[in-house]
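Subject: Handing over a structure, with notes on what was found

Dear colleague,

I am passing on the structure we spoke of, together with its sequence, and would be glad if you could read the notes below with both open beside you.

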Amino acid sequence: MARQMYLSVMDRSAAVEAIFERVQPPTTFEETVERLGTAIKVGLLPPGSRLPPERELAEQLDISRSTLRQALTALVQSGHLVAARGRGGGTFVAAAPPLTVGPVPPSQKFRDVLDYRVAIETGAALLAAERAQPEDLERMREQVESMSAIGEDFEPYRRADIRFHIALAEAAHSHRLVGAMTEVQGDMSELIALIAHPEVVLSQSNAQHAQLVDLIEAHDAAGAAELVRKHLEGTEHILIALLPAEA
């Protein structure tokens with residue numbers, strides 16, 4: 001392993017200090033992954049450097065230790081961090097963090113896809129909460145159960161994920177929304193294919209799917225739209241964390 005370098009308060013630059021500022025809710029898990037992942041890919045946390053101890057890091061970020069563990073687990077599963085046990089152990093930046101498995105899309109295209117998704121999915125959630133029928137809810141719950149059973153095998157998980165979001169549009173009973181949702185899911189698949197898919201991230205995402213179905217069943221349109229926005233913000237944080245910087 002590369003030289004172990006502990007990032008103490010004394011040897012941090014202003015840029016490194018910004019990494020460890022307080023994380024803002026409501027997407028604390030995803031924002032923590034983004035914060036650390038971005039610092040790794042731009043070199044502020046160089047290969048072999050050791051993160052502060054868990055208790056200290058959680059206090060600096062002002063998040064719970066359980067949320068921090070989830071974020072660290074996601075970055076270990078994606079290959080950005082490594083965890084070492086025993087004397088001299090801790091959490092270290094990997095010697096060769098993964099960059100990407102394909103070409104990085106231009107930033108404007110990336111932003112356009114994410115903005116389009118916000119418009120389509122929050123609108124679909126609002127209408128679904130007003131119009132969904134029992135059979136619509138059943139289709140969505142079937143996909144939630146499928147994703148729960150699949151675990152870390154990403155390709156079948158992603159297929160069920162796409163079906164879930166299309167089922168959300170179907171629950172809005174708008175033919176145009178179904179077409180738009182299909183289009184945006186295709187665009188998202190191109191982006192998602194470029195990053196690693198940590199199991200902890202998939203589990204967190206599917207928990208929100210289940211919550212969304214409950215809100216739609218309760219006809220809570222505002223709550224459904226708010227949760228979808230939170231869900232999409234979380235995806236944006238993960239993409240920003242795990243996609244490499246543009247050349």
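This is a predicted model: local features need pLDDT of at least 70, side-chain atom pairs count only at pLDDT 80 or more; totals for chains, interfaces and linings use all residues.

The secondary structure of the chain comes to 10 helices and 4 strands, and their order along the sequence follows the pattern β-α-α-β-α-α-β-β-α-α-α-α-α-α. The chain has 247 residues, of which 46% count as buried. Among contacts in the chain with a separation of 6 or more, 74% are between residues 24 or more positions apart.

The core

The largest nonpolar core has 67 residues, and Leu168 and Ile216 are those with the most contacts inside it. Helix H7 gives the most to this core, with 9 residues. If residues up to four places away in sequence are not counted, Leu168 touches Glu121, Ala124, Ala125, Ala128, Met140, Met181, Leu212 and Ile216.

Leaving out residues up to four places away in sequence, Ala125 touches Leu168, Ala224, Ala225 and Val228. Ala125 and Ile216 are 91 residues apart along the chain, yet their C-alpha atoms are separated by 7.4 Å.

Thr32 has its place in helix H2, residues 28-41, and because its relative accessibility is 1%, Thr32 counts as buried. Its contacts, again not counting residues up to four places away in sequence, are with Val23, Leu61, Ile63, Leu68 and Ala71.

The aromatic pair

The count comes to 1 aromatic pair. Phe154 and Tyr157 form this pair, which is stacked, with 6.5 Å centre to centre and 25 degrees between the planes.

The cavities

How many cavities of 30 Å³ or more are counted? The count comes to 2. The largest cavity has a volume of about 300 Å³, and is lined by 22 residues, of which Ile192, Val201, Leu202, Ser205 and Thr235 lie nearest its centre. The elements that give two or more residues to this lining are helix H7 (154-171), helix H9 (199-217) and helix H10 (221-242). By class, the lining of the largest cavity has 10 nonpolar, 8 polar and 4 charged residues.

The second largest cavity has a volume of about 30 Å³, and its lining is made up of Phe164, Gln208, His209, Leu212, Leu227, Val228 and His231. H9 and H10 are the elements that give two or more residues to the lining of the second largest cavity. The residues of this lining divide into 4 nonpolar, 3 polar and no charged.

The largest pocket

About 210 Å³ of space lies in the largest pocket. Of the 15 residues that line this pocket, Glu54, Leu72, Ala83, Gly90 and Thr91 lie nearest its centre. The elements that give two or more residues to the lining are helix H3 (54-61), helix H4 (65-77) and strand S4 (90-93), and the largest share, 5 residues, comes from H4. By class, the lining of the largest pocket has 8 nonpolar, 4 polar and 3 charged residues.

With kind regards

Key. Residues are numbered from 1 along each chain as its sequence is written. Side-chain values use heavy atoms; hydrogens and water are left out. On a 1 Å grid over the protein atoms alone, a cavity is a set of points where a 1.4 Å probe fits but cannot get out, and a pocket is an open set with protein on both sides within 12 Å along at least five of seven lines; lining residues have an atom within 4 Å of a point. Grid points are joined across faces, edges and corners, and a volume is the space filled by probe spheres set on the points. Ala, Val, Leu, Ile, Met, Phe, Trp, Tyr, Cys and Pro count as nonpolar, Asp, Glu, Lys and Arg as charged, and the others, Gly among them, as polar. Rings of Phe, Tyr and Trp (its six-membered ring) pair if their centres lie within 6.5 Å; planes under 30 degrees apart count as stacked, over 60 as edge-to-face and the rest as tilted. A nonpolar core is a set of buried Ala, Val, Leu, Ile, Met, Phe, Trp, Tyr and Cys residues joined through side-chain atoms within 4.5 Å. Buried means under 20% relative accessible area, exposed over 50%, partly exposed in between (1.4 Å probe, protein chains only). Contact means heavy atoms within 4.5 Å.
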